[in-house]
Protein chains: 2
Amino acid sequence: MLFSTKAEYGVRLMVELGRRAGDGLADEADPVALSSVAEAEILPLSYLEHLVAKLRQAELVTSVRGAHGGYRLARPASQIQMLDVVQALEGPIAPMECFHEVREGRVLCSHEADGDRACATKLLWTRVHGGITKALAGTTLADLVEFADQHAAREPVAG
Amino acid sequence: MLFSTKAEYGVRLMVELGRRAGDGLADEADPVALSSVAEAEILPLSYLEHLVAKLRQAELVTSVRGAHGGYRLARPASQIQMLDVVQALEGPIAPMECFHEVREGRVLCSHEADGDRACATKLLWTRVHGGITKALAGTTLADLVEFADQHAAREPVAG
DNA sequence: CCCTTATCCGACCTGTGGGGTAGGATTTCT
DNA sequence: AGAAATCCTACCCCACAGGTCGGATAAGGG
């Protein structure tokens, strides 16, 4: 298994926010209470709180405290890359322990200090890393929202 | 983190076997004792035994028991896809718990029984899965062996 | 002003699996 | 016979995923 349920739950949370934001106009709609998302997705509220905290720190959602508060997408779904979402939830995307992303697209293996022998595998992980990030960066939240709306058409979101 | 060290160690093991096999002629060379691989890669022998057992079950390596025994690649490195190696070591490549690969390229999400709502994320994981398998299937062991030989040229393999 | 509703925050708990060890049985070569 | 290797099973440790709990803080409504 590659990603944990953190990523799954967090993505489902984002999709839910995206669906309720309607077409644009996110700032004017009421913020969505986490409890309503938890109910709709059948996920534990207190666990979602931890996840949404990471999304907020990554400035992917904004929060409104107090009664009638809740969460909103920080920007339109079409401008949110899933790469950012998954990274916020799971931490840096490294196919292996020894891998850090140093700069945009540049990858470093910590075994290089041992002499390159340890990292015959570097070529492979680099390619895998590229494949994953490409798939994640090439998918926006809007893509998922649209997909979700199509496939769950018979049970539209309440609003 | 996506893959565990099982994949890393196992791949390094395979690369080591590939390097020692020379150019083709794998069947005629002496088999490689696991202890020599463990020494060269500075990995615990007893742990490698577990990994190589999986590789043998997947028919990626063959073994020779007894004194002067050891392991060989089951076929030329150029005919070994890294997808098979990683799958043998880590099990099925699923970006998420709820994901099974049903048939070549076809993927199923176990949440579908709950109604599709749970899997707004299906589109995303499908793309990620595709990115990973494409990267793994498109890389052969021979690619890694060549890469390793180039980058560790100043410390050639003993033989 | 207080009550309700919500976000926020940190401590805590529990099971699973990664990562590794240990010991011995078996096979084959010298 | 004995050394050198694979093979096999059982076991151990602990970090972390996955989740709970209690409470602090903030805002709106009567």
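1. H3(A) gives the largest share of the surface near DNA strand C, three residues, where a residue is near a strand if its C-beta atom, placed from the backbone, lies within 6 Å of it. In this predicted model, local features need pLDDT of at least 70 and side-chain atom pairs count only at pLDDT 80 or more, while totals for chains, interfaces and linings use all residues. Residues are numbered from 1 along each chain as its sequence is written, and chains are lettered from A and ligands numbered from 1 in the order in which they are written.

2. DNA strand C is surrounded by 23 residues, the closest being Leu34(A), Ser63(A), Ser4(B), Pro44(B) and Gly66(B). At least two residues each come from helix H2 (34-41), H3 and strand S2 (70-73) of chain A and from helix H1 (5-20) and H3 of chain B; helices (H or I, at least four residues) and strands (E, at least two) are DSSP runs, numbered from the N terminus. By class this surface has eight nonpolar, ten polar and five charged residues, with Ala, Val, Leu, Ile, Met, Phe, Trp, Tyr, Cys and Pro counted as nonpolar, Asp, Glu, Lys and Arg as charged, and the others, Gly among them, as polar.

3. Around DNA strand D there are 24 residues, and the closest are Ser4(A), Pro44(A), Gly66(A), Leu34(B) and Ser63(B). Two or more residues are given by each of helix H1 (5-20) and helix H3 (45-57) of chain A, and helix H2 (34-41), helix H3 (45-57) and strand S2 (70-73) of chain B. H3(B) gives the most, with three residues, and the classes are eight nonpolar, eleven polar and five charged.

4. Which residues touch the most other members of the largest nonpolar core? They are Val85(A) and Val85(B), in a core of 83 residues, a nonpolar core being a set of buried Ala, Val, Leu, Ile, Met, Phe, Trp, Tyr and Cys residues joined through C-beta atoms within 7 Å. A residue is buried if 20 or more other C-beta atoms lie within 10 Å of its own, exposed if 12 or fewer, and partly exposed in between. Neighbours within four places in sequence aside, Val85(A) is in contact (C-beta atoms, placed from the backbone, within 7 Å) with Gly10(A), Val11(A), Met14(A), Leu60(A) and Ile80(A).

5. Gly138(A) lies in the loop between helix H5 (122-137) and helix H6 (141-151) of chain A, and counts as partly exposed because it has 13 C-beta neighbours inside 10 Å.

Methods
Two residues are in contact if their C-beta atoms, placed from the backbone, lie within 7 Å.
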